[in-house]
Amino acid sequence: MPDNAQLLQLAIATPLVAALIIALGLPKRFATKLALVAFAVPAAVALWLWSQYPAEGGARYHYLSSIDTGLANYGISLKLGLNGIALPMFLLAAIVGGAAGLYALRSSAERLKTYLVLLLIMHGGLLGVFASVDIFFFYFFHELALIPTFIMVGIWGGRDRNYAAMKMTIYLTVGAMLSLIGLIAIYVKSGANTFDLISLKEAIAADGLAVTTQKHIFGVLMFGFGILVSLWPLHTWAPLGYGAAPSSAAMLHAGVLKKFGLYGLIQIALPLLPAGAAHWAWPLAVLAAVGNVLVIGFVTMAQRDLKQMLGYSSVMHMGYCFLGIAALSTVGTGGVVLLMVAHGLSVALLFMMATCIHHRTHTFDLSEMGGLAQKTPVLAGFFVAATMASIGLPGFANFWGELTVFVALWNFSKVLTAVAVAGVVISAIYGLRAAARVFFGPQTEALQRVLKAHPPMDLGWGERLPALLLLAALLFFGFYPKAISLPVDQALNPPANVAEVSPVTFQR
Amino acid sequence: MSPELLKAVADSNHWWAIGPEIILACAALGLLVLEIVTPKEHHRYIPAMAIASLAMVLTAVVITFTSSNWSEELLFGGLIRLTGAGQIARVFFLLSSLLVCFLATICLPRAKMPRVEFYHIVLVVTAALMLLAHSNHFALFFVALETVTIGFYILVSYFRDNALTLEAGLKYLVLGALSSAILLFGIVLLYGAVGRVEMDGFVRTGFDFAAVRAFLVENPDNFLAIAGTLLVLGGVAFKIGAFPFHVWVPDVYQGAPTPVTAFLAVSSKAAGFAVLLTLVLNVFAPITDKLVPVLSVLAAATILIGNLSALKQRNAKRLMGLSGVSHAGYLLMGVVAALTVPWAAGAVWFYLFTYLFASMAVFGVMAYLAGADDTAQELDHYEKLAKERPFLGAVLAVGIGSLAGIPPLAGFMGKLLIFVAAFQAHLYGLLAVAIVGVVVSIYYYFGWIKAAFFETWTPNPESAPARPAPAAPTLIGSAILASLALVTVLLGFYQEPLTRWLLP
C-alpha cells in the first residue's frame, strides 16, 4: 500500500503516463479505456487525500515528497505537497479534469486519440501546478498544461481558430515570461537561491526583502499573473480563445488553469512580498473593479453569442478574485480561494452546457434560439442551475466566495464594494437573459428549421454524468463551505502573513 | 634556444592528449585512400566508415572523460591547454558531426555529387574544431580556426550546380575572409602591444594566452591591447553570427546544403562560444569591466535583430538561420553573465547541448522534406505534414518547441538556467530584451507549427504550387530522429545526465 505522498505523485503521473502510452500508438478502443482510468484515478486520489487531510493541519504542507531531477544544487527539485490553500485547488483540478475527460470521451471529436493525449497532458499539468511546493515546478506544470490548450484551439477550434490560437499563445507567453522573471527575482533576491517555497518563506521570514525590491517584484508578478488571469485591459485573449476552444479545453482552461495566476498571487506573492502587495493593492483594486467588473460587465451584457458571453463573464468574475486579493486581509484571500473553486466548477459546467446547446441548435447566436426547455428539460435545468451559481445565489458555493470578498472589501474601500455589488446585478441581468433566450419564449424560425432537421435529444448519460459531478460539487460546497474554508483559514491565519497588513481576521 | 629548453618543450609533447584529433585526421585521409583503391560500387560504404570513426572517437572521449584527471595541463610548450570545458567541447563537436553525417546520407544522394570528399572535409573540420577548443596560443588558435573556415568554404558551395548555393559560397568566402582579416589584425595588435616577456623562466611572446593576460593585468588601459581585444572578439562574433556580423547568415544558410546548414548552425556557432568563453574568462579577464558593456550591447542587439528579422521569413532555412542569430544572442547573455557568475559557463554549454538536439531534429525533418531544389524549403511545404507523416510532424513539433523554449522541453531548461544566471549577474536590462525576444520568437516558431499542424483553407487546391512530397524516413533515420526528440523531452524533465557533467 503506497503512502499518501506516493499517491499524490501517482495522481499527477497517471494522466501523463497514460498520454505517453496512447501517443506511442495504443489502439483506439484501449485508448479510451485507459483515458477513462487516467481521468478517474486523480479524482479518486484527490478525494481520498482530502478525506485523510489532518483536521488542524492546513498551515503546513502534507504528503511531502521530493525528487531530484539534476538541478538540486541550483535549488530546483520536484517537491510535491499540499497545504490548506493547495488542497481545495487540487480537488478542483481533479473534479473538473474528471468531468472534462468524461465529456471528451463521449464527444465525437475528430482524431480523438490526439485529443485525449493533449487533454491528459493538460490534466496532469493542472494537478502538478497545485501540488508543487517548488515554485519553479509550479510554473513548469502550468506551461505543460498551457501548450496543449493552444494546440487544441488550433486544431479543433471553432470560428477564427488560427487567429485565436495565435493571439492566446502570444498573450499568455508574455504573461508566463513575466511571471517567470518575477519568480526568478524571488529566487535571487531572497538570497536563498532556491525555488522551494518552504525554504523561501523561511529565508524571507528571517531576512525580509527590501521594500523597493518587493514593490518591483510584486509589480512584475501582478502583471504577469494578471495577463494569465485576464486582468483588464490585458484580457482580450480570453473571450476570443474560449469562444474558439473546444469544450473540454475551455472547461479546463477557464475552470482551472486560469486560476494559476490567482493561486500564485495568494500562495507566493502575498506571503513573500507583503509590502509590495500593500503598494500595488489600490491600482489592482481599481483595475479590477472598474475594468473587470464594470466595463467587462457591460460588454458581457452586449454579447449576442453564447460562448463569447461566457468568456466575458468569466473575465468579469476574475475581477472579484482580484478585489479579494487587493483587500489584503485573510477574509478576502480566503474568499478568493472559495470563489476560485466555485467559479471553476460553475464555469466548467456552463461551457459544457453551451456545447450541449450548440449540438442541438447548431448555433451560438442567442437571437436565433428560444423555447428549448420544452424539448430538453434536463439540459435546461443544468444550464439554469449553473447560471444561478455563477450569479452567486445562496445555496451555491459562489455565494460564499462573493460574500466573503465583499465583506473584506468593505474594510478596504466602500466605493469599490458598491461597484462590485453592482456587478452582481449586471451578471444577473446577462445570465438570466441568456437562460431565458435559450430555453424559454417562442422558437425562432431558424431554430425550428434546425430542430426539424435534427430532432433534439435531451442530455444523454455521457453528458449528464460529468454535469452531475460538477453540480454536486457546487451544491456540496454551497451548503458546507467549511470543507474549503477550514483548511484555507488555517493556512492563512496562524503564521499571520497577511494579517500584519490588515487587522481583520477570518472568523466564521 | 638551449638544448635543455628544447628538451623541456619536447617533454610536454603528449601526443596522446590530441589523440582524438589525430585519429580523425588519419581517418579523413584514409577515406580518400579508400576511394582510390576500392572499386566504385563499394563507395557507398564510405559514409558508414566516416560515421563509424566519429562514433569510435566519441566513445573513447566519453569513456576517458570521467576516468582521467584533466588538471589544466599545458602541453606542447603551451600551445594546448587541456581543460574540462575542452573535453565537453570535444563531445559536442563529435556528436554534432555524427548527426551532420547522418543528414548528409539523406541529402547527398539526391544531388548526385561526389560524396567522399564531403565526409573527408567534415572529419577534418571536426578535428580542427576540437583543436580550437583546446588552443592556448593565438598562432594555433588562428590556424585551427582557418582550417575550420576553409573547410566550410568548400562545404557551403558543395552543390555547385545551384546558383543560390554558389552565391552563398561566394558570400561566405568574402565575408569569412574579411572576418579572418579582422581577427588576425586583432591578434597582431595584441602581439605588438605585449611584445616579448619572460614568465616562469620562459620567454613568451604576445601569442601566448598567459602572456596576454599578464600584460592586461599590468596595463588594463593600454589602447593597442584593447583595440586588439575588440578586433579579436569581432572575428569571433562573425563565427557565432552576432550583430553586426550576422548579415551573411540568412543567405548562406539558405544556399548551403541542409547538412552544411546544420553544421554551421550548431558546430560553427558552438565553436565560437567555446572560444569566446576561453577568451573572456581567461585571456581577457583582467579587462572584464570594459567587456561587459560591449558584450551586453552586442547581446541585446543580436537578440532583437535576430528575432525581428526572422518574423517575416517564409523559407525554413532562412528562418533557422535568423532564429539561430537570436539564440546566439541568448548565449551571449550567458557569456556576459559568466563574467561575474562562474557557473553560467556551464549553463551556456547546457543551452548549446539542448540547441544541438533540437536543431538537429528540425534539420532532420527538413532534410526529409526537401525536394530536388535544396534551397527552396518554404514553410508552405509543411502543410498537412502532421496528417501525411505524423512521425515527422511530431519530431518537428518537439524540435521547434524546444528551440522556442517551451516547457517541458530541454530548450526551456537551457533558457531558464541562462536567465537565472543573468539575474544573479544583475543584467536586468538584458533580461527584459531577452523576454521580448522570446515572445517575438513565439510568433514565427508557432507559425511553423501552424503550417504543419493546423489546416488552413486554400481557395483552390489544384492551383496551389506543387510541393515536394516528403520522403519516407528509413528505419535508422526514424530511430535517430526519435531519439533526438526523446532526449529533448527527457532533458526537460530530468536534467541530471547533463548537469552532473556540465554543472558539477
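Good morning. I begin with helix 21 of chain A, whose buried residues are covered by elements that include helix 3 (86-106), helix 14 (330-361) and helix 20 (461-479) of chain A. Please bear in mind throughout that this is a predicted model. Helix 21 runs over residues 482-492 of chain A, and eight of its 11 residues are buried, so that the helix is mostly covered. The buried positions are Ile484(A), Ser485(A), Pro487(A), Val488(A), Asp489(A), Gln490(A), Ala491(A) and Leu492(A).

I turn now to chain B and its helix 4. This helix, too, is mostly covered, with 23 of its 28 residues buried. How far apart are its end C-alpha atoms? They are 40 Å apart, which agrees with expectation, because 28 residues at 1.5 Å a residue should span 40 Å. Helix 4 of chain B, residues 84-111, does bend, by about 35° at Thr105(B), and Pro109(B) follows within four residues. After the helix comes Lys112(B), which has a positive phi, near 55°.

Finally, the contact between the chains. Chain B contributes 25 residues and chain A contributes 22 residues. On the side of chain B that touches chain A, at least two residues each come from helix 17 (410-424), helix 18 (428-453) and helix 20 (496-502) of chain B. Which helix gives the largest share of that side? Helix 18 of chain B does, with nine residues. By residue class, the side of chain B that touches chain A comprises 18 nonpolar, four polar and three charged residues.

Thank you for your attention.

Definitions and conventions. Residues numbered from 1 in each chain as written. Chains lettered and ligands numbered in written order. Predicted model: local features only at pLDDT ≥ 70, side-chain atom pairs only at ≥ 80, totals over all residues. Expected span 1.5 Å × (residues − 1). Bend = angle between axes of the 7 residues up to and from the residue. Buried ≥ 20, exposed ≤ 12 C-beta atoms within 10 Å, placed from the backbone. Contact = placed C-beta atoms within 7 Å. Nonpolar A, V, L, I, M, F, W, Y, C, P; charged D, E, K, R; others polar.
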